[in-house]
Amino acid sequence: GETIVVDRSISRSSTMMMTTMVMLSLSLGGDQEDWADGLGWAALILFMMVLIPQIRLNYVRKTTDGFSLAMVVVWLGSLMLLLSYLLFTDQPQVLALELAVFGALSAVLICQQYYYDELWGVGKCVGLFMVQVVLCTIIGFASYELYRRVDGTEYDWVGAVVGGVAPTVGFAVGFIPQFKIIVRSKSSEGISLGLVLCDLAGAVLTIASIVLTEPDAAAIAPYASIFFFQSILLAFRVCIFPPPKSIDMVVPINGAATMDGVVVK
């Protein structure tokens with residue numbers, strides 16, 4: 001039962017971000033719109049990868065213990081409100097794509113919770129994934145229709161509140177269950193460092209892309225919230241309650257490694 005866990009998350013996260021920066025530098029031109037698109041695509045790459053380290057971590061550990069399901073559920077609802085708002089306000093479409101991918105991976109994390117910890121079968125988890133897709137689609141279309149109906153009316157402010165303020169609050173509130181888990185257990189071993197680093201970098205690049213395209217405080221606010229609270233989570237993960245080791249690879253002490261051919265005797 002006892003395990004040794006080998007740290008590789010920092011190097012992998014650094015590789016992700018370096019690859020993104022190289023692709024960004026190759027995609028940028030001299031025009032401001034090109035810069036906005038390039039930053040948006042770089043953010044897309046990071047947000048596409050941001051949950052992959054966490055999904056892999058859960059897969060290796062065969063549990064989601066230490067990672068808050070409530071955080072993901074709140075994030076997913078907030079994402080749908082923000083996604084439809086970005087589309088309605090003509091922000092770069094790449095930003096909408098990045099949120100759609102992030103939402104799909106969030107649904108995978110929720111399914112992992114039920115597969116590993118609630119012992120659901122694969123069929124039930126696939127059904128749960130499809131239910132999440134349908135619910136998210138309904139939320140997205142309903143909020144987009146709301147923005148369309150109030151646009152140009154005396155209730156125009158409702159769109160900014162639902163599409164900007166609500167997701168900002170949602171992202172902030174979503175972090176609270178994860179913070180509680182870390183503080184109570186005095187360990188951050190259930191959270192992937194790769195998730196934190198990629199989310200931080202993605203938030204910064206997205207803010208820059210929005211500023212260069214058409215500055216919109218309501219669209220920027222959710223990403224500013226992500227940056228602030230992920231900075232706190234990074235402090236928990238690295239300084240305050242660091243895990244004994246990273247959890248990128250789990251090796252039984254009295255047997256062969258489960259991954260990468262490493263053997264511990």
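What volume does the largest pocket have?

**Figure 1. The largest pocket of the predicted model.** The volume of the largest pocket is about 340 Å³. A pocket is an open set of points on a 1 Å grid over the protein atoms alone, with protein on both sides within 12 Å along at least five of seven lines, and lining residues have an atom within 4 Å of a point. A volume is the space filled by probe spheres set on the points, which are joined across faces, edges and corners. Of the 16 lining residues, Met80, Leu83, Val133, Cys136 and Thr137 lie nearest the centre. This is a predicted model, in which local features need pLDDT of at least 70 and side-chain atom pairs count only at pLDDT 80 or more, while totals for chains, interfaces and linings use all residues. Residues are numbered from 1 along each chain as its sequence is written, and side-chain values use heavy atoms, with hydrogens and water left out.

**Figure 2. The largest cavity.** A cavity is a set of grid points where a 1.4 Å probe fits but cannot get out. The structure holds 3 cavities of 30 Å³ or more, and the largest cavity contains about 70 Å³ of space. Its lining includes Phe47, Trp75, Phe102, Asp199 and Tyr223.

**Figure 3. The second largest cavity.** This cavity contains about 40 Å³ of space. Among the residues that line the second largest cavity are Asn58, Thr64, Ser68, Leu109 and Gln113.
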